[in-house]
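Good morning, colleagues. Please bring up the sequence and the model, and I shall take you through some of its helices.

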Amino acid sequence: MKKIKRYAGSLLVAVMIILMLSGCKNQRLEEKNTDISGENVIITETGEVLTKEQPENDDQPEETPTPEPTLEPTPEAAEIGELGELPPPEVVPEVEISEPEQEQIITEEDQTQPSGKELQIVFLGDSIFDNNRDGTGIPYLTAEQCNADFYNLAIAGTCASIEMDEQYENERWTSRSLVGIVKAMTGEITTGVFEGTRAKELLDNPDIDFSKTDYFVIEYGLNDFFKATPLANEDNEFDFRTYVGALRYAVSNLGSYADDATIILCCPNYAQFFDGNRFIGDGNTLNTGYGTLFDYKGLCQYVANENQLEYLDAYLDLGINGYTAEELLEDGVHLTMKGRQKYADALAHMILTIEETKNN
């Protein structure tokens, strides 16, 4: 009987020791698990910690994926005059950036009078179209290939949208934006706001009938990006204080004004940005408040698609990128002669292809 008691006592002590060791082991494992993080660690169901095998060449940099555009859903329709609240910018850049200035050169190649050619092309845009009115600019090079009369209404430094401090009532209008150009063309506002520009001279010319236009080529977005223009207003799809709203307003009104015209939307081209001589980002990475330049490009394409318009992807299809920027961009933004020729070639090819389809 005493033997049985001794065995029972020994067995009880052994069980207690085993339980204590097991508890310590589990505590150490839990502490170890809480210190482990990252994708290279696997903890099995039994608590065993395994390390994933690493690739043999750890020095190879990861491939940077091409950014996808941020597309806004189509906002519900609202009255144009009802301008609601716009969201504040999400990012404020540490440095202020603006469009590099270039001297404008105008020669007789910049057309101001009809010459009776079969096609009429009207260009609306910023400095990408406005600069180089000397026979080396995109509008002239495009029209030459298409054998067309062309009128260049682009104004350097302008946005598609009206800026927050500009008046938007027709009687008090102060904006030289795309919306302003369209309003002046259709007679909603006077042309006084465009004083000192080639656009005013053309808009005031009684010999030019813009309603007979065959192609409207619209190129905006760089200055909307520079000035941190909101992308869209979910309460008003035609809010022309936003990039999307301004594009929608313009293409809708131009389509009504010139029934037979084909509208070509051109998104902003790839660009690089500098603070003095210091590179601070490019169209894929720098966010001025509401998105990158690539986001503005994506929304331009979105508007073209929803309105079934022709679309030229100047950001991706001209071959301008980080490797070719020095060759195709003069200052990170504006195009060199070679870059402008590539742009004009792409536009002319699109227009001539459309004309060939019409004729067949």
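What covers the buried residues of α4? The covering elements include β3 (119-125), α5 (198-203), β5 (215-219) and α7 (243-257); helices (H or I, at least four residues) and strands (E, at least two) are DSSP runs, numbered from the N terminus. Please note that this is a predicted model, in which local features need pLDDT of at least 70 and side-chain atom pairs count only at pLDDT 80 or more, while totals for chains, interfaces and linings use all residues. Residues are numbered from 1 along each chain as its sequence is written, and side-chain values use heavy atoms, with hydrogens and water left out.

Helix α4 spans residues 178-185, and eight of its eight residues are buried, meaning under 20% relative accessible area with a 1.4 Å probe, protein chains only. Just after α4, G187 has a positive phi of about 85°.

I turn now to helix packing. The axes of α7 and α8 (residues 293-306) come within 10 Å and cross at roughly 30°; axes are lines fitted to C-alpha atoms, for helices over the stretch in contact, and angles run from 0 to 180 degrees between N-to-C directions. On the α7 side, the contact (heavy atoms within 4.5 Å) is made by Y243, V244, L247 and R248. Helix α8 contributes Y296, L299, C300, Y302, V303 and E306.

Finally, α3 (residues 138-146) and α10 (residues 337-359) pack at about 40°, their axes 8 Å apart. That angle makes α3 oblique to α10, as angles under 35 degrees count as roughly parallel, over 145 as roughly antiparallel, 65 to 115 as roughly perpendicular and the rest as oblique.

How values were computed. Buried < 20%, exposed > 50% of the residue type's maximum accessible area, 1.4 Å probe, protein only.
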